[in-house]
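I opened the model to look up its pockets and its nonpolar cores. My notes follow the order in which I checked them.

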Amino acid sequence: MTVAGSIEEALSARRQGAAILAGGTWLMRDPRRGQVLPKTLVSLHALPGLAAIDIKAGHMTIGAAVTHEALGRAFAGVVGFEAVVAAAVGAANPAIRRVATVGGNLCTQDFAAADLLPVLLAMEATVELAASDGPMFIPMAAFLAGRRVLLTDTILIRVILSRDLAASAHARLPLRRAGDYPVAIVSMVLTTEGRLRVAVGSVEDVARRWDALENAFAAEPGGRPAGAERAAALAAACNDFRGRDGIEADGWYRRQVLPTLVRRSMEALLSKEVIR
Ligand SMILES: Cc1cc2nc3c(=O)[nH]c(=O)nc-3n(C[C@H](O)[C@H](O)[C@H](O)COP(=O)(O)OP(=O)(O)OC[C@H]3O[C@@H](n4cnc5c(N)ncnc54)[C@H](O)[C@@H]3O)c2cc1C
C-alpha cells in the first residue's frame, strides 16, 4: 500500500490500477463477500484538506475523508441539515463511524443501503472529482448514474451543498437480521422556497429521487401535504419502486415500509417551526 502525498500522486497510482483506500470499512471486507482484495492500494489519509468541513453562509463543503463521526459533530444544530446528522450518527455502529468516510460511502459500488446517498440526492449536492485534466463538478444524481465509469480514473475530493434548505429529515428502517443495515431509507428536505424533495435508498439497487411523490406533494393545496398521514397516503398511492430482493429483506417488504418512513420523515419536518 502507498500513502499518497498529493492528489496527483493518488491519481497516478489510480491510473496504474491501485484502488483507493479510505476508512477501509467496506473495502477490507471484500473477502467476506467472496471478492478478491485489490492487489495495490493507495491511501488518502495523509492528504491535507480532504478531512475538512467548511461551513459558509451560501454553501458547505465536506471533504471525502471526513468520517461519519466528524460529519455528525460538525453539522449538529445547523438548520436545514438535520438529515445529514441523522444519517451520519445513525449509520453502522460507533467503531465504524469513527473511520468510515463520506467518500467511501459515496464510492462504494454495489452497496444499495448507503445512508448518505438519499440525503445528498434530496439536497441536490454536487460532487467534486479530481481527474488528470482538472476538477470535475457533477450533480449527485449524475454521479450515481455514471459512478462506475467516472471512478475508473478519478478520485472523489469533496461534496458541495447549497444552503437553501429550511429543514430536512432522514428515516431509516434497520433490521437486526439485515446486519443492522437499513432495508429502506427515506430522506426528505424542505427548501427555503417551500418545495419538498424526497429521495429513497436501499429499496432499489441505487438510491433515487421519488419524483412521483414530489409532484404529488406539490399538487396539494398550499404546495405540500396537510400532515404526516396525508403524506403517507400519497406515498402509498404513488409507490413506483421495484423493490430489490435480498437475503436480508424481500423487495415487496422494502416497498411496503416506504409510506411509514415518509410519515416519519414528515413528522420530523413538522416538528420544526418552519413548516407549521
Ligand atoms: C458492520 C457495518 C455496518 C455498516 N452499516 C452501514 C450503514 O448503516 N449505513 C451506511 O451507509 N453504510 C454502512 N456500512 C458501509 C460502509 O462502512 C460505509 O459505506 C462507509 O462509508 C465506507 O467508507 P470507508 O471510508 O470505510 O470506505 P472504504 O472501505 O475505504 O472504500 C469503499 C470504496 O470506495 C472507494 N473510495 C473510497 N474513497 C474514495 C474516494 N475519495 N474516491 C474514489 N473512491 C473512493 C474505495 O476504493 C472502495 O471501493 C457498514 C459497514 C459495516 C462493516
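I began with the second largest pocket, lined by Leu21, Ala22, Gly23, Ser43, Leu44, His45, Ala51, Ala65, Thr67, Val99 and Thr101. A pocket here is an open set of points on a 1 Å grid over the protein atoms alone, where a 1.4 Å probe fits, with protein on both sides within 12 Å along at least five of seven lines; lining residues have an atom within 4 Å of a point. I noted about 170 Å³ of space in this pocket. I sorted its lining by class: six nonpolar, five polar and no charged residues. Gly counts as polar in this scheme.

The model is predicted: local features need pLDDT of at least 70, side-chain atom pairs count only at pLDDT 80 or more, and totals for chains, interfaces and linings use all residues. Residues are numbered from 1 along each chain as its sequence is written, and side-chain values use heavy atoms, with hydrogens and water left out.

Next I looked up the largest nonpolar core, which has 53 residues. Such a core joins buried (under 20% relative accessible area, 1.4 Å probe, protein chains only) Ala, Val, Leu, Ile, Met, Phe, Trp, Tyr and Cys residues through side-chain atoms within 4.5 Å. Leu106, Met140 and Phe143 have the most contacts inside this core. Helix H6 (residues 116-122) gives the most to this core, six residues. Domain 1 (1-46) and domain 2 (169-275) both contribute residues, so the core lies between them.

I also noted another core apart from it, of 32 residues, including Leu190 and Phe217.

Key. Grid points are joined across faces, edges and corners, and a volume is the space filled by probe spheres set on the points. Buried means under 20% relative accessible area, exposed over 50%, partly exposed in between (1.4 Å probe, protein chains only). Helices (H or I, at least four residues) and strands (E, at least two) are DSSP runs, numbered from the N terminus. Domain bounds come from an automatic or database domain assignment.
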